[in-house]
Amino acid sequence: MVNFKKLLQETLEDNRIEMLMESREYTEDERVYMRGYTRALSDMLEDFNAEYNEFMENVNKIHLN
């Protein structure tokens with residue numbers, strides 16, 4: 001889980017850098033896609049952070065049934 005979070009953060013940072021300092025010239029459609037993809041990754045990270053502690057509490061609880 002920690003690796004997943006780290007990978008999300010690294011990918012987000014890479015995408016943000018690419019959008020600021022493009023490694024090549026992108027079409028407007030590609031830029032729109034990149035913005036949407038970056039936003040989706042950001043939403044995933046936000047959801048992950050919001051639910052991670054609750055998930056870990058449930059994993060660590062002893063269940064008798």
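The structure is a predicted model, in which local features need pLDDT of at least 70 and side-chain atom pairs count only at pLDDT 80 or more, whereas totals for chains, interfaces and linings use all residues. Residues are numbered from 1 along each chain as its sequence is written, and side-chain values use heavy atoms, with hydrogens and water left out.

Side chains of opposite charge can pair when their charged atoms come close. Six salt bridges are found in a search of the whole structure, a salt bridge being a side-chain nitrogen of Lys or Arg within 4 Å of a carboxyl oxygen of Asp or Glu. Arg35 is paired in this way with Glu28, with 3.5 Å between the closest N and O atoms. Glu28 is itself partly exposed, at a relative accessible area of 46%. A salt bridge also joins Arg31 to Glu22, the closest N and O atoms being 3.0 Å apart. Of these two residues, Arg31 has 25% relative accessibility and counts as partly exposed, and Glu22 is partly exposed with a relative accessible area of 33%. Glu22, Glu28, Arg31 and Arg35 are linked in a network of salt bridges. A further salt bridge is formed by the side chains of Arg24 and Glu30, at 3.0 Å from N to O. Arg24 is partly exposed, with a relative accessible area of 43%, and Glu30 counts as partly exposed at 27% relative accessibility.

Contacts between helices were examined next. Helices (H or I, at least four residues) and strands (E, at least two) are DSSP runs, numbered from the N terminus. Asn15 lies in helix H1, which spans residues 2-20, and Leu41 lies in helix H2. Asn15 counts as buried because its relative accessibility is 17%; Leu41 likewise counts as buried, at 8% relative accessibility. With neighbours within four places in sequence left aside, Asn15 is in contact (heavy atoms within 4.5 Å) with Tyr37, Thr38 and Leu41. The C-alpha atoms of Leu41 and Arg16 are 11 Å apart in space, with a separation of 25 residues in sequence.

Two surface patches were also identified. Patches are made of residues with over 30% relative accessible area and no salt bridge, like charges being joined within 9 Å and nonpolar side chains (Val, Leu, Ile, Met, Phe, Trp, Tyr) within 5 Å. Accessible areas come from the Shrake-Rupley method with a 1.4 Å probe, and for residues only the protein chains shown count as cover. Lys and Arg count as positive and Asp and Glu as negative, while His and the chain ends are not counted; the place of a charge is taken as NZ of Lys, CZ of Arg, CG of Asp or CD of Glu. Glu46, Asp47, Glu51, Glu54 and Glu57 form a negative surface patch. Within this group, Glu46 is placed in helix H2 (residues 28-60) and counts as exposed, at 51% relative accessibility. Met1, Phe55 and Val59 make a nonpolar surface patch of about 280 Å². Met1 is located in the segment before H1 and is partly exposed, with a relative accessible area of 48%.

How values were computed
Buried means under 20% relative accessible area, exposed over 50%, partly exposed in between (1.4 Å probe, protein chains only).
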